[in-house]
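Here is a brief report for a first look at this model. The sequence and structure come first, then the notes.

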Amino acid sequence: MKRYALSLVCAACLSTDGVAGLKPCTTCESDGGLRSTSNVVQAFRPATAGAQSDNSSNTTLTAVDGIKVGSFTLPGGTTGCTVILVDGEGVPGGVSQRGGAPGTRETDLLNPLNMVDKVNAVVLSGGSAFGLDSATGTVKWLEEHHIGWDVRVTRVPIVPAAILFDLPIGNNARNHPGPDCGYQAVESATTAPVTMGTVGAGAGATVGKMGGAGTSMKGGLGSAALRMPNGLVVAAIVAVNAAGDILDPDTGKVIAGARKADGTFADARTLLRSGALAQRRAQTPRAVENTTIGLVATNAKLTKAEVSRMALMGDDGYARAIFPSHTMGDGDTVFSLATGKWDGQADVSLIGALAADAMARALVQAVTQATGLPNIPAVRDLKK
């Protein structure tokens with residue numbers, strides 16, 4: 001069993017053929033059975049644009065039957081949007097919104113008390129509140145394809161959306177994702193493994209802002225899927241733009257976050273417990289604008305109430321891999337979908353637990369697959 005004791009960071013390192021700044025731990029380096037970890041490493045291999053793969057080896061959100069994903073990155077490469085498209089007439093959806101600074105659309109209809117019980121697509125976008133316009137383009141595409149909630153005279157596409165704050169990056173204060181972004185993203189949606197890193201909604205995402213200006217690192221778009229022997233699949237996708245650090249949920253070590261002058265991690269936990277964070281916030285009391293937005297999905301059949309519980313439990317993945325999470329400056333939001341393509345007996349408690357695990361893994365992927373921007377290094381840019 002020793003050969004399976006790889007942390008998420010070790011697996012990510014191996015999957016990217018030795019990303020700069022990451023190396024296997026001493027235990028893994030000394031383990032003569034490293035060559036037997038191929039099935040573990042496969043779970044962390046990044047998708048490349050246009051990659052084609054047998055779905056059984058797909059370890060991203062599109063491993064869930066009935067879901068396609070497409071991203072569009074605006075010229076300049078510092079903002080964009082990502083669309084999760086559902087096959088057919090729509091599926092039950094839910095949402096968990098715990099952050100203190102949300103930017104969302106069509107979340108109230110996801111409440112189990114409300115009538116509409118089908119979602120056609122979900123949009124994740126950069127651009128702050130401006131980026132909510134991305135959903136308009138996705139709605140237009142769905143309308144052109146006669147997809148939506150049947151109101152007899154037409155079909156109304158149901159497209160919840162959430163945004164993250166990336167306006168300080170590049171020219172994003174003037175260059176926002178809009179309807180064209182949402183249209184092009186859904187037009188490109190495919191069942192191929194999700195392309196991760198500095199793309200789509202994660203293009204301008206950053207993490208680790210607790211150390212002050214100039215200490216952050218690159219966030220991004222990440223995805224992960226968990227397959228059970230009985231055919232159940234639970235997966236997640238996330239654009240991480242957190243104020244806090246990103247942690248390896250297996251080891252608790254910082255993967256990406258606020259940096260000290262010497263380039264080492266400041267560790268937000270240390271900043272908090274030492275009082276340094278309180279002192280800095282007293283000088284600059286306004287919460288910095290951030291937000292992590294994501295989605296969990298399963299191929300199980302769930303009711304609207306159950307899929308809402310899945311979102312709530314899946315949100316725990318944020319707390320496992322982001323410190324701190326759900327702050328007043330984070331509009332942290334998690335959507336959920338259940339495609340119902342699997343005929344097995346669904347246990348929402350188990351599915352929710354798997355959703356949290358998948359989300360934590362997706363967060364690791366988001367930062368380890370990201371590429372840096374000027375003055376904003378990525379994990380792969382760190383010195384060994």
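## Cavities

The structure holds 2 cavities of 30 Å³ or more. A cavity here is a set of points, on a 1 Å grid over the protein atoms alone, where a 1.4 Å probe fits but cannot get out. Points are joined across faces, edges and corners, and the volume is the space filled by probe spheres set on them. The model is predicted: local features need pLDDT of at least 70, side-chain atom pairs count only at pLDDT 80 or more, and totals for chains, interfaces and linings use all residues. Residues are numbered from 1 along each chain as its sequence is written, and side-chain values use heavy atoms, leaving out hydrogens and water.

The second largest cavity has a volume of about 30 Å³. Its lining residues, those with an atom within 4 Å of a point, are Gly93, Leu109, Leu110, Val116, Asp117, Lys118, Val119 and Lys304. By class, 4 are nonpolar, 1 is polar and 3 are charged. In this scheme Asp, Glu, Lys and Arg count as charged, Ala, Val, Leu, Ile, Met, Phe, Trp, Tyr, Cys and Pro as nonpolar, and the others, Gly among them, as polar.

## The open sheet

An open sheet of 5 strands runs in the order β3-β17-β15-β12-β11, with mixed pairing. Its edge strands are β3 (93-97) and β11 (220-227), each pairing on one side only. Strands (E, at least two residues) and helices (H or I, at least four) are DSSP runs, numbered from the N terminus. Two strands pair if DSSP finds at least two bridges between them.

Strands β12 (233-240) and β15 (293-298) run antiparallel, joined by 6 bridges. Ala239 has Ile293 in β15 as its bridge partner. Helix α10 (348-368) packs on the sheet and touches β11, β12, β15 and β17 (333-338). Contact means heavy atoms within 4.5 Å. The direction of α10 makes about 40° with that of β12. Axes are lines fitted to C-alpha atoms, for helices over the stretch in contact, and angles run from 0 to 180 degrees between N-to-C directions.

## Salt bridges

The whole structure has 9 salt bridges. Each is a side-chain nitrogen of Lys or Arg within 4 Å of a carboxyl oxygen of Asp or Glu. One of them pairs Arg98 with Asp315, with the closest N and O atoms 3.5 Å apart. This pair links distant parts of the chain, 217 residues apart.

## Backbone exceptions

Most residues other than glycine have a negative phi, and most peptide bonds are trans. Glu106, not a glycine, has a positive phi of about 60°. A cis peptide bond joins Phe323 and Pro324, with omega about -10°.

Technical notes:
1 Å grid on protein atoms, 1.4 Å probe; cavity = no way out; pocket = protein on both sides within 12 Å on 5 of 7 lines; lining within 4 Å.
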